[in-house]
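Opening the notebook on a new model today.

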Amino acid sequence: MELQIWLTFVAACIIFSFAPGAGMVATVSNALNRGMKVALVNIVGLQLALVVHLLIVSLGLGALLAQSATAFTVVKYCGAAYLIYLGITQWFSKAPAAQTDTDNGQHALLPIMRQSLLINLSNPKSIVFLAAFLPQFIDPTAAATNQYLILGSTVVVIDCLVMVVYALLATVIRPLLSKPRFVAMQNKVFASLFVSLGVALAKAER
């Protein structure tokens, strides 16, 4: 793969990763409410789901999802329902703002990873986007497997770094929002964002 093509791909990935979405909302919410450790576990879950999406696309199943209205609709509504469920849960959440990173044991971190994994897995738009996006950078005269490995690794690394940036920015302002009334307000704001993203996903077309 030529360096110029790869750099163009990197630039596109950065724009794609910085675009607001459910993953970003989950990352910032966890960083503000529970600290950097939980936010990093959340990011791991997001990237595991992204790896699954990349495997689906590399195997050609992404095109099938893009072409099948039924499959797209089923995954879409499952994802929308899950985001709305997260929004309702967040609205009534009363997590203490004083909680620190060391307060979170493994038993509390695994559900966070599972939650972020499901957030990304249940987003068919990600698969359809990758199915349309990645092949444009694949050289049909070269080995496809190696190219998909390079492009897939690039997508995951860049998205991970972008999510870490979001988490770091959130933790910087976290001390300013540590009062209970601000925690309650955060819950309402992120709950509204999750519900809005769920509704938007339900209305999304291929």
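This is a predicted model: local features need pLDDT of at least 70, side-chain atom pairs count only at pLDDT 80 or more; totals for chains, interfaces and linings use all residues.

**Entry 1: helix against helix.** I started with H2 (residues 22-34) and H8 (residues 144-173). Which residues of H2 meet H8? I found Gly23, Met24, Thr27, Val28, Ala31 and Leu32 on the H2 side. On the H8 side they meet Met163, Tyr166, Ala167, Ala170, Thr171 and Ile173. Sorted by class, this contact has nine nonpolar residues, three polar ones and no charged ones. I then looked up the geometry: the axes of H2 and H8 are 8 Å apart and the packing angle is about 35°. The crossing of H2 and H8 is right-handed.

**Entry 2: H2 by itself.** H2 has 13 residues, and I get 17 Å from its first C-alpha to its last, close to the 18 Å expected at 1.5 Å a residue. Is H2 mostly buried or exposed? Twelve of its 13 residues are buried, so H2 is largely enclosed by the rest of the structure. I checked names too: the buried set in H2 includes Ala22, Val25, Ala26, Ser29, Asn30 and Asn33. Gly23, Met24, Thr27, Val28, Ala31 and Leu32 are on that list as well, and these are the H2 residues that meet H8. After H2 comes Gly35, with a positive phi near 100°.

**Entry 3: H3 and Asn42.** H3 (residues 36-58) has 23 residues and reaches 32 Å from first C-alpha to last, close to the expected 33 Å. Gly60 follows H3, and its phi is positive too, near 90°. I picked out Asn42, which lies in H3. Asn42 counts as buried because its relative accessibility is 0%, and the cut-off for buried is under 20%. What does Asn42 touch beyond its neighbours within four places in sequence? I noted Gly23, Ala26, Thr27, Asn30, Ile112 and Ser116. Of these, Gly23 and Thr27 also turn up in the H2 contact with H8.

**Entry 4: whole protein.** Stepping back, I count nine helices and zero strands. Buried residues make up 42% of the 206 in the protein. Taking contacts between residues at least 6 apart in sequence, 89% join residues at least 24 apart. Last, the accessible surface: about 10,800 Å², with 71% of it belonging to carbon and sulfur atoms.

Terms used:
Residues are numbered from 1 along each chain as its sequence is written. Side-chain values use heavy atoms; hydrogens and water are left out. Helices (H or I, at least four residues) and strands (E, at least two) are DSSP runs, numbered from the N terminus. The expected span of a helix is 1.5 Å times one less than its number of residues. Buried means under 20% relative accessible area, exposed over 50%, partly exposed in between (1.4 Å probe, protein chains only). Contact means heavy atoms within 4.5 Å. Accessible areas come from the Shrake-Rupley method with a 1.4 Å probe; for residues, only the protein chains shown count as cover. Axes are lines fitted to C-alpha atoms, for helices over the stretch in contact, and angles run from 0 to 180 degrees between N-to-C directions. A crossing is left-handed if the near helix is turned anticlockwise from the far one by less than a right angle, and right-handed if clockwise. Ala, Val, Leu, Ile, Met, Phe, Trp, Tyr, Cys and Pro count as nonpolar, Asp, Glu, Lys and Arg as charged, and the others, Gly among them, as polar.
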